[in-house]
Amino acid sequence: MAFGRSRRDKRPPVEPVTLKILVAGGFGVGKTTAVGAVSEIRPLRTEERLTEAGRPVDDLEGVESKTTTTVAMDFGRITLREDLVLYLFGTPGQDRFWFLWDELAQGALGAVVLADTRRLEDCFAAVDYFERRRIPFTVAVNVFEGSERFPPETVRAALDLDPEVPVLVCDARDRSSVRDVLVAVVENALERAAREREPVAT
């Protein structure tokens, strides 16, 4: 007697929906760490060692122990559900690599802007970039040892964010914490898309 599956139990393979998410923020805020923590594949990294020649343009205040920097992008992948896969693109943090952002942003559903409360002003440029291009984004405050903790609403006020922009606290080293942030990014982007499809009352 055969104990194999009956034909009725066989289901066609699910073709997952793939979504592109950007991981952005200032220099040394934890973008590479976040992508590496959550990616189910070995992340692609384009890091180079910081040199003395780069010190005049790379502000290391608050991240003096940082020895490498992303010069193009980080890439990772995470399966949220059987039918939903996220491709993660970490952006470079320094001003001199901003020319890469427009290419990386093409086709992105949404973004997470990582913030460090010790250098909150470093994420202003990313917030402004996504606001001007109408790309939905979520702000995630990365918890660093020794940094002062602030409630999300304080961070929202400091960044002058619209009420519908989610603000979360996360640990970029922790897989489940980063995953929660990515879920919030997707939910926020889909909710915004739904709002924009609603007919305008006349």
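Q: Why does cysteine 123 count as buried?
A: Buried means under 20% relative accessible area, with exposed over 50% and partly exposed in between (1.4 Å probe, protein chains only). Cysteine 123 counts as buried because its relative accessibility is 1%. The model is predicted, so local features need pLDDT of at least 70 and side-chain atom pairs count only at pLDDT 80 or more, while totals for chains, interfaces and linings use all residues. Residues are numbered from 1 along each chain as its sequence is written, and side-chain values use heavy atoms, with hydrogens and water left out. The value for cysteine 123 is 1%.

Q: How many disulfides does the structure hold?
A: A disulfide is a pair of cysteine sulfur atoms within 2.5 Å. The number of disulfides in the structure is zero.

Q: In what order do the six strands of the open sheet lie?
A: Strands are DSSP runs (E, at least two residues; helices are H or I, at least four), numbered from the N terminus. Two strands pair if DSSP finds at least two bridges between them. The pairing in this open sheet is mixed, and the order is S4-S5-S1-S6-S7-S8.

Q: Which residue in S7 is the bridge partner of alanine 111?
A: Strands S6 (residues 110-115) and S7 (residues 137-142) run parallel and are joined by five bridges. The partner of alanine 111 in S7 is phenylalanine 137.

Q: Which strands does helix H4 touch?
A: Contact means heavy atoms within 4.5 Å. Helix H4 (residues 152-159) packs on the sheet. The strands touched by H4 are S7 and S8.

Methods: Axes are lines fitted to C-alpha atoms, for helices over the stretch in contact, and angles run from 0 to 180 degrees between N-to-C directions.
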